[in-house]
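Subject: Structure handover

Hello,

Here is the structure we talked about. My notes on one residue and on the charged pairs follow below.

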Amino acid sequence: MNIGIGLQKYSSYFVELDEEEWSQVGSYQPHFLDSAKCCYHDNVWFFRGASKEAHSVDFDVPIAPGKKLTDYPDLLTTLKITAMLSGTIKTRSLGGYGPQNIIKFCHKIINLYRVIFYCFGIENLSSINPSISEKLKEKLVKPVAERLDIHKRLTTYFLSLEEEDVVKLKIVRGKKFDLDVFKLAGALGVSSRLLSKECIVSLTKFRRDNGFYVSSHLKKFLIREHDEPTSSLSAEAIRKELSALNKFFSLIVAFEDIIPESQRISNNFLQDVDPNKLGKRVGKSSQRTKNIPREIFFKLMDRAIRWVVDYADPLIEYRDKALEHYNDMCANESRGGTAENRRHYAAKRMAQFFDDHPLKVFAGEPGAPYPITSFDKNQIDSILASKRTISDDQVQRALSLVADGATYKTAADAVGISKASLSRILNGGWRKPGFGLDKVLHCYLPTACLLVIYCFTARRQVEIESLEAGCCIETPEGPYIRMYSAKVDQAFDYFPTTRLVKKAVSVLEKLSAPVRSDDSQGLLQVPSLQGGHYQFWQSGKINEFANMVEADGDKKNNWVFSEHQFRRFFVMTYFFRYDAGDLPSLSWHMRHSDFEMTMTYLTDSNGHLAVEEVRAEKIIQMAKESGRYGGTMEEDLVRLVESLELQKESRVDRLVARVNDIGLVINYVPDGVCFGESPTLKSRSSCLEKGAVQRSSAALGTCLGCPNLASFSMPDGVESIVDYKRSPILKAAKERLG
């Protein structure tokens, strides 16, 4: 491909790129694009390493009424160049974006284009003068729907429609006439996704009033009087928005000679705006992801681990026997009909196989799928659906009519059900409730594997979606797993892991083996027992698994699980449970750019109670391990715990309250656990100098004998470690041993 941009004079921005990546920058093929699906010039970009839920950017989108971004080549070129640079330059002020953030960057710039078209009637960035820039700053801290006045414009547009215009908005889906939201969004020059989200009540009522199909999940919006516009952006949303736009304008200024002349700006009018301060001043406080309640989380992970360790191998072995029987029935030509008909018939007849060969090993096991009674879908849901429409009273009345000589047809008509349903129920009874083998193998089991990987690697969703067959390797130091490191590194790397994670990966390898190919080794490909396959979609699967194993708490309000909950659990567990834990090693494993980022997981206000509970349990553990720590501090801890035994509240709750009362603070130093930062204990610290504990100067042996030290022995077996320099944890341990 011919070089289209001369970037040689800007090579200092790309010093960290290797020769291959640099050649891709110069050849209009950014290294983060999926070259098998697209190139720089295409109007849809597909990204390597992005999540499956959002892995592309479409540039052929509306930006003004009846106009698309592709109708404005200079604007499109400017966006593509800056997006390419934002993901390739390593300098944080101009680049440093990973695939997911490049996608978000593009969406924010497209929304900026829409604002300058709608609010200011200009088509070129060079037309942004000081007056417009000040007004634009005011717009950018408001929700996109408010910036573009979507609700008022949609109402006006609906009132202007003639009958023939309404017909043009119809789109055929199956046998139904649905509303073409894409065409409607194009007419307004906005995003169809934003329109559907912000104006869902207006759109639903328009569907009803004009004879369009109204799906069942939309009917609940008919009872609402009007849409509820987003009132304000969170401080975090404003920070991200302004930071992205600041980067966009900075790139235009820095790379002015390769930006189309009509889109060049003389200076970055956002460079003096502090996104953090402005966000906090005008935005609403953001709500961090809540910690999963302990009773839910522990039960969920207990069930997931059981599935991986105890249930996976018997299920896969059972699958092989069931598939052999199923294929034999499909190969039987005596029934006739098409191959599809034979497969359908064989799947129905598999119920007999499950009755004759039950997987009894799971009977009574916690959260286990027992009994398995069908080939594909769970029978529990279908039986409940049938029982909602057919009552036991109807069946009994029909049975009496048949006993009196009535035909099945006559009896069924008399009680108001179909002949087929009556025949099935009277001859075979209600279908036996139970689980579908396909559902168990290709929905619940992959979810259990992912839960284990999330919990014990602390990786993000996009990183876990990058897993491929063979990603786990064995080393003298133990197992390592190869995963994509998003955000900071934006590259594949090896992480130390546990044998439990290795086991979960091996289960995914076995499940995906039938559909993997040389070109596609991803572990989130899922086959189906009847021959199809699909990409495993994580959305909603954890809730479904939690519901199945009864670890979802309030069934009416399912818990919303996210990657950050598992990352926070990992951080707190490591820091407060592991005696040799230290912040540098933790930050290294989390792939954070600085320690402050890691500390937010430990000091976040929403997670504060959970941290206190973990800390309290750690202190209980230390007090119970008599003789391990020694010294004055151990005696104090034992007395503290013993003094609480006579109180009525639970031990952990009592200790949390007591720890807060006396202000116990624990930190790790080379010789053990330091309580010197605790206000009530600080005065007796051996290293106290000018009212401050000199913990940062602590080295091996310097704290021994201090009343505020609970010392611990060195970990065993460190001398046998090979290549310890690859791990900060092991390196520190080796140094302590001298």
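This is a predicted model. In it, the backbone oxygen of Ile-453 lies 2.4 Å from a polar atom of the Thr-457 side chain. Thr-457 belongs to helix 19 (residues 437-457). Its relative accessibility is 2%, so Thr-457 counts as buried. Beyond its neighbours within four places in sequence, Thr-457 contacts Thr-497, Val-501, Phe-570 and His-589.

Now the charges. Side chains of opposite charge can pair when their charged atoms come close. The structure has 16 salt bridges. Three of them are worth a look, starting with Lys-510 and Asp-313.

Lys-510 and Asp-313 meet at 3.3 Å, N to O. This pair links distant parts of the chain: Lys-510 sits in helix 21 (residues 499-512) and Asp-313 in helix 13 (residues 294-331), 197 residues apart. Lys-510 is partly exposed, at 39% relative accessible area. Asp-313 is also partly exposed, at 33%.

Lys-409 has a relative accessible area of 44%, so it is partly exposed.

Arg-303 and Asp-302 pair at 2.4 Å, N to O. Buried or exposed: which is Arg-303? At 15% relative accessibility, Arg-303 counts as buried. Asp-302 is partly exposed, at 27%. Both residues join Arg-306 in a network of salt bridges.

Best wishes

Note on methods
Residues are numbered from 1 along each chain as its sequence is written. This is a predicted model: local features need pLDDT of at least 70, side-chain atom pairs count only at pLDDT 80 or more; totals for chains, interfaces and linings use all residues. Side-chain values use heavy atoms; hydrogens and water are left out. Helices (H or I, at least four residues) and strands (E, at least two) are DSSP runs, numbered from the N terminus. Buried means under 20% relative accessible area, exposed over 50%, partly exposed in between (1.4 Å probe, protein chains only). A polar contact is a pair of N or O atoms within 3.5 Å; within protein, one must be able to donate a hydrogen and the other to accept it, and residues adjacent in sequence count only if both atoms are side-chain atoms. Contact means heavy atoms within 4.5 Å. A salt bridge is a side-chain nitrogen of Lys or Arg within 4 Å of a carboxyl oxygen of Asp or Glu.
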